[in-house]
Number of protein chains: 2
Amino acid sequence: MLKEERQQTILSEVALHNRVLLTDIAEILEVSIDTVRRDVKELDAENKLRKVHGGAISLGFTNQSKRNTNTYALEQKIVIAEKASHLLRNGGVIFIDGGTTCLELARLIPDDLQLTCFTLSLPVAFELLNKPNVEVIFIGGKISKDAQISMGANAVHNLSEINVDYSFIGTGYVDVLHGLTEFDWDIVQVKKAVIKAAKKMVLLCISEKLNSQHRFKTCDINAINTMVTELAPENNLLNLFRNHDIRLL
Amino acid sequence: MLKEERQQTILSEVALHNRVLLTDIAEILEVSIDTVRRDVKELDAENKLRKVHGGAISLGFTNQSKRNTNTYALEQKIVIAEKASHLLRNGGVIFIDGGTTCLELARLIPDDLQLTCFTLSLPVAFELLNKPNVEVIFIGGKISKDAQISMGANAVHNLSEINVDYSFIGTGYVDVLHGLTEFDWDIVQVKKAVIKAAKKMVLLCISEKLNSQHRFKTCDINAINTMVTELAPENNLLNLFRNHDIRLL
DNA sequence: TATTATTTTGCCGTTTTATGCTTTTTATTT
DNA sequence: AAATAAAAAGCATAAAACGGCAAAATAATA
C-alpha cells in the first residue's frame, strides 16, 4: 500500500469519526504503529488534522480564529489587554467577561500559562479554546443575540455557584460618583452575579468611557480593585479615581 | 511496444484503480522498472497523474483531500440536515448536538421558525444566534477543546434539569447490534444525559458510519425514534434498521 | 545499404526514503 | 509515586529513486 493511500484513509477516518486512535488505524491499515504515527505527524504538519496524544482529531471548525477587524478602538483595547495580562498568574482561576476588550485579553493569554477560565461569552470561550493550557468553563444560560453572552436567571444561578480569584470585566459606563452602570437591566443582573463570584475585580475600560453613566447600576466604584485603561496610570484623567483605593494600571 | 502505448496503459491503470505500483506496471508491461519510472516521471510532469514513492496516484484522488479543509462529506450532511429540518415545528423546544451534521441543521433553520434551542456546542450556539426567532440556551460546563462542547459533571447536571421535545444528535459510530457507540467515555456520559432530557431522539448520521462501532456505548439502537441519513429511506443499506421501530428519513 | 546521430532502454552503484524494531524519554493514569 | 501507555530517537533493512553509462533500437542521412 502506498503512503498516499494510507494517509488518505487516515484523513477519511478522522473526518468521519472526528477522532481516531493510532492503534485502531494501525490495525485497519495493517501497518506498524510507528508508520501511523509518522503519517499522522506529517498530516498534522500539513494542517490536515491535529495530532493528539494517542490519536488524531479533525480540524473541524477549529481554525476559525478570524479576528474581527472592525473592533472600535482596537489599538487601545489591545494596550489594555496587554496590561491586564500581567495580572494573570500561573494556576489562577479567573472569570473573563464578554465585550471586545475582554476578548483581546483572552487572545493575549500566553500559550504556556495555565489557567482556569470561566466565561459567559461565546466569542471569549472560542478564543480560549486556542490556549492549550487554559481550562474553559462556560457558564450556561439563555444566550443574548447581541452581546453573545449567557444571561438570565440561569446564568445568574450558575454564577452563584462559583468563586474565582480575579474577575476581568468590562462596563458600558463608569463614573466615580455613580460607579459602573449599564444601559440594559438584564446585563446588570448578570454582572452583579459576576461580582459576587469574584474575590477581586479588574475593570478593563477605555478612557473614553470614563465619567459617563447610564440608568442601571452594576456596582459602586469601590467594588473595583484594579482599573486598567490605555492611559498611563499617572494620567490626569484618572485623578478622580485615585482616592478610591483603586489600583490603576 | 511503443512508449506511447505504455504510457497510455499506465494512465488507464491509474484511472481504473486510482493508483498503481511501479513494480506491477513493470511486470504487466514486461519492461524494466527504470523505464516505468521514467514514464511515470514524464506523465507526472505533464500533470496526467501524480508520482509518489513506489507508484503513482490519480489526480482526482488527491483533490479529494482538499475537501477536508472544510467539512467532510458536506453534501451528504446538508441533505441530512435538510431532511431533519422538516421535523421542526413552530414553537418547538429542541436540543441540537455538536458535530458538523448538527451544525448544518442549525444553519438550515428557517428565519421565520420560532424555536427554543438548547445546545452544548459553541459552534452551534454561534450559528443559532443568526436565527432571529430562535431562543438559544447554552448548557454550561467545562468546554472540551476538541469537540468544542460542554462536557463533564456540570453539563450532565445542567442537562438533568431540562426537557425537550426533540433531540437531534450525532454519533461517532452506529450499529444495529451495539447501538450508538463512541470513542470517548466522557462524550458518552453527556450523550446519555441528552437522551434522558429528550422525549424523542433524532439521529443524524451519514451512511458511511452505519455498521461501525467503538468501545463505549451511548444507548441501544431502539432509543432512537428517527434516523436520518443521506440515503433514500428504502435503501437496502438501511434494511437492518427496519425491524427496530425506527422511523427512517 | 551503410553509416551516423538520436533516442530509448536496461544495468549498476550510490543515495534517499520507508518501515519496523528496540530503547529511551515523555505523558497520562491510578 | 508507581505503573502504564504513548512518543521520540536511533538503528537496521529493504525497497525505491537517481545519475551515469553503455547497449540496443530507431531515425536520419549520405
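Me: What makes the charged end of R215(A) count as sitting over the ring of F183(A)?
Reply: In this predicted model, the charged end of R215(A) lies 5.6 Å from the centre of the F183(A) ring and sits over that ring, and the distance part of the definition asks for a charge within 6 Å of the ring centre.

Me: Why are α5(A) and α6(A) called roughly parallel to each other?
Reply: Helix α5 (residues 100-108) and helix α6 (residues 122-129) of chain A pack at an angle of about 10°, their axes being 8 Å apart; because angles under 35 degrees count as roughly parallel, α5(A) and α6(A) are described in that way.

Me: Which residues of α5(A) and α6(A) meet?
Reply: From α5(A) come L103(A), A106(A) and R107(A), which meet P123(A), V124(A), E127(A) and L128(A) of α6(A); sorted by class, this contact has five nonpolar, no polar and two charged residues.

Me: Why is the pair of F138(A) and F138(B) called tilted?
Reply: The ring centres of F138(A) and F138(B) are 4.5 Å apart with the planes at 55°, and because planes under 30 degrees apart count as stacked and those over 60 as edge-to-face, the pair is tilted. This pair crosses between chains, running from strand β6 of chain A to strand β6 of chain B.

Me: How do you know whether F138(A) is buried or exposed?
Reply: Buried means under 20% relative accessible area, so F138(A), at 1%, counts as buried, and F138(B), with a relative accessible area of 1%, is buried as well.

Conventions:
Residues numbered from 1 in each chain as written. Chains lettered and ligands numbered in written order. Predicted model: local features only at pLDDT ≥ 70, side-chain atom pairs only at ≥ 80, totals over all residues. Heavy atoms only, no water. Axes fitted to C-alpha atoms, helices over the stretch in contact; angles between N-to-C directions. Helix = DSSP H or I, 4+ residues; strand = E, 2+ residues; numbered from the N terminus. Parallel < 35°, antiparallel > 145°, perpendicular 65-115°, else oblique. Contact = heavy atoms within 4.5 Å. Nonpolar A, V, L, I, M, F, W, Y, C, P; charged D, E, K, R; others polar. Phe/Tyr/Trp six-rings, centres within 6.5 Å; stacked < 30°, edge-to-face > 60°. Buried < 20%, exposed > 50% of the residue type's maximum accessible area, 1.4 Å probe, protein only. Lys NZ or Arg CZ within 6 Å of the ring centre and 35° of its normal.
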